[in-house]
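Hi everyone, thanks for coming. I'd like to walk you through one model today, so let me put it on the screen.

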Amino acid sequence: MDKILVAVKRVVDHNVRIRVKPDGSGVETDNVRLSMNPFDKHAVEAAVQLAEAGAAREIVAVSIGPRGATDVILTALAMGAHRGLLVEAEEKLETLAVAKLLAAVAAEEKPELILLGKQAVDDDAGHVGQMLAGLLDWPQASFASAIKPAGDRLEVMREVDFGRAEYRLPLPAVVTADLRLNVPRNAALPMVMKARQKPLTIRPAAEFGIDLAPRLRIEIVAAPPARAGGRAVADIAELATIIAEAQAAAEIG
Amino acid sequence: MAVLVLAEHDLGALSPATARVVAAAQALGGPVDVLVTGQNAEAVADQAARLHGVRRVRTADGTAPTAETLVPLLEGLAGEYSHIVAVSAAMGRDAIPRLAARLDLMPVTDIVEILAPDRFRRPIYAGNAIETVRSEQPRQLLTLRASAFPAPRPEPPAEAPVEPVGAPDAAPVAELIATFRTEGARPDLATARIVVGGGVALGSAGAFRLVEQLADLLGAAVGATRAAVDAGYAPNDWQVGQTGKVIAPDLYIAIGISGALQHLAGIQGAKTIVAINTDAEAPLMKIADYRLVGDLFTVVPELIRALGG
Ligand SMILES: Cc1cc2nc3c(=O)[nH]c(=O)nc-3n(C[C@H](O)[C@H](O)[C@H](O)COP(=O)(O)OP(=O)(O)OC[C@H]3O[C@@H](n4cnc5c(N)ncnc54)[C@H](O)[C@@H]3O)c2cc1C
Ligand SMILES: Nc1ncnc2c1ncn2[C@@H]1O[C@H](COP(=O)(O)O)[C@@H](O)[C@H]1O
């Protein structure tokens, strides 16, 4: 492969316990730690491993978001991507708009493979990879837990409801990464320093001439009902009684 | 206009999740058709035809199990429907966003509540927030979380007509070369009424058998944390949580599970939670209805004996 495109999103760090804004307008994202979407780290790692194995020449990391999202491009560059592109958009974009922008980038860059995460852990959508494949009319393999080049094709293991299923895809293709795809490296400090020297282009989203207007209206964002805590059980005998009663109730319905 | 539900099936059996989604789809306002694709579509169609509230079942037998073949078929049918609905599981998650992009629509996925035919609730941030979404688009593409909707009441079987649809010739695409199936006759995890879950504390695939033994004694499905799956103690399709399956059983028994927010995302709908952990301060112990502080390697075998196993 000549080129791999990897899409990386900046999201609220997965360890942050988020707070819903009291006015119901969304989730508090000011002054919280932001970082690369965990799944996207696996996507970058997969690309870097393919390049290290000689199966790919260049990796381009692309993010769509505000200026601050260059942080996650730098992370990708530190992990081993060669070049970065920020499509700058201040406003929050829907997944369809993101997929259209990525399709426009793909039309210019002409990669043989596009790697994405299977879902962004902020909106938990899980859309963009499949949408992008649809817009480009390319084959897709979502929820990948292994990727192996096979001649001019790619063999991808997918995690599905009954276990796993292996597919062979012609290129170009879109693959979305699951967490068991690999173990993402932590970029060592020299790599982080080097990343700043790598080319990083910033282009305004408006330049692509795509209608980015939202299609959905988020009426309100609310906290889920809290679970009331329970009680300690004295011993195993009591626990067995509780379980047997709950089991009987479940059977009756 | 009408509603099309995409049937999900495996080994010739319609999934219990599909039955729930067909029942939930009645709230979308139109008559409900069910589309059955893939291997054994004819046999599965008969099962779908017996569900209540189905106007007709449409079949495309033998279509390849990839989004690239399913989506052109759905594109051809879309004009007849106001809503196209799938179970929020591997097939629907794979196909619905692709279909949406082809039709230039924004899908609404992982719905946990239908407020109106164009208003839905869905969780975000691992279930730590719930958004209410309104879609004024001409057509709604949806995935529904089966665990959030009740199973249909048992009724004498209905008898909807079954009609084949012509599948379009799809371009050459991904080919399925192998499947690796988790064997077992346990209930479907996503819709099970009792689930026993095990964490990385089990320490080995052999020891994870303890979790399975308790599950079998109770007629339960087995769940696992990501850490337990990553460690190779349990297969990937047992993972429960933000990025695994979402469950809402009447009873969830969590053994050696800390309760990371990504795991809690998958169990918020459980009616009663029982937790067994050496650490009384573990997050799951704090939200459990019943908690027992103890070493699972002594507690679980004794519990199995006390329950008559
Ligand atoms: C993007 C992302 C997505 C994720 N998605 C998921 C997901 O879908 N599902 C999921 O489960 N996780 C998910 N995780 C992982 C999650 O963050 C936790 O790491 C994981 O759930 C922890 O699993 P655990 O409870 O088995 O292990 P631990 O957190 O290590 O907990 C083990 C528990 O066992 C207890 N224990 C130890 N020994 C014993 C004993 N002898 N007897 C009784 N108790 C004992 C300990 O006190 C501890 O509470 C995700 C993480 C990320 C970053
Ligand atoms: N704003 C974005 N910029 C770059 N990549 C994105 C963006 N949003 C989503 N993606 C990619 O698409 C994947 C799935 O995201 P989503 O469909 O939003 O859950 C993510 O894991 C990223 O790889």
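This is a predicted model: local features need pLDDT of at least 70, side-chain atom pairs count only at pLDDT 80 or more; totals for chains, interfaces and linings use all residues.

Residues are numbered from 1 along each chain as its sequence is written, chains are lettered from A and ligands numbered from 1 in the order in which they are written, and side-chain values use heavy atoms, with hydrogens and water left out.

Now the answer. The partner of Asp137(A) is Arg98(B), and the closest N and O atoms of this salt bridge are 3.9 Å apart. The pair crosses between chains: Asp137(A) sits in the loop between helix H4 (128-136) and strand S7 (140-150) of chain A, and Arg98(B) sits in helix H4 (residues 90-102) of chain B. By salt bridge I mean a side-chain nitrogen of Lys or Arg within 4 Å of a carboxyl oxygen of Asp or Glu. Helices (H or I, at least four residues) and strands (E, at least two) are DSSP runs, numbered from the N terminus.

Are the two partners buried or exposed? Asp137(A) is exposed, at 52% relative accessible area, whereas Arg98(B) is buried, at 3%. Here, buried means under 20% relative accessible area, exposed means over 50%, and partly exposed is in between, with a 1.4 Å probe and protein chains only.

Please keep Arg98(B) in view, as it turns up again beside Gln140(A). Gln140(A) is found in strand S7 of chain A and is buried, with a relative accessible area of 6%. The side chain of Gln140(A) makes a polar contact of 2.8 Å with the side chain of Asp94(B). For a polar contact I take a pair of N or O atoms within 3.5 Å; within protein, one must be able to donate a hydrogen and the other to accept it, and residues adjacent in sequence count only if both atoms are side-chain atoms. Leaving aside residues up to four places away in sequence, Gln140(A) touches residues of both chains, including Leu169(A), Val174(A), Ala67(B), Glu68(B) and Arg98(B). Contact there means heavy atoms within 4.5 Å.

Arg134(B) pairs with Glu219(A), with the closest N and O atoms 3.2 Å apart. This one runs from strand S10 (residues 129-135) of chain B to strand S12 (residues 216-222) of chain A. Arg134(B) is partly exposed at 23%, and Glu219(A) is partly exposed at 30%.

Within chain B, Asp10(B) and Arg181(B) meet in a salt bridge of 2.6 Å, N to O. That pair links distant parts of the chain, strand S2 (residues 9-10) and strand S13 (residues 175-181), 171 residues apart. In chain A there is a network of salt bridges that links Asp2(A), Lys3(A), Arg57(A), Glu58(A), Arg83(A) and Glu109(A). The count over all chains comes to 50 salt bridges.

Next, the ligand. How many residues surround ligand 2? There are 18, and the closest are Asp40(A), Ile64(A), Ala120(A), Gly126(A) and His127(A). To be near the ligand, a residue needs a heavy atom within 4 Å of it. The largest share of this shell, three residues, comes from S4(A). Oxygen atoms of ligand 2 approach polar backbone atoms of Ala7(A) at 2.8 Å, Gly117(A) at 2.9 Å and Gly126(A) at 2.7 Å. The protein covers 97% of the 480 Å² of accessible area that ligand 2 has on its own. Those areas come from the Shrake-Rupley method with a 1.4 Å probe; for residues, only the protein chains shown count as cover.

Last, some backbone details. The peptide bond from Leu171(A) to Pro172(A) is cis, with omega near 0 degrees, and Pro172(A) lies in the loop between strand S9 (163-170) and strand S10 (173-177) of chain A. Asn31(A) is not a glycine, yet it has a positive phi of about 60 degrees; Asn31(A) is exposed, at 82%. Asp104(B), also not a glycine, has a positive phi of about 55 degrees and is partly exposed at 35%.

Thanks, and I'm happy to take questions.
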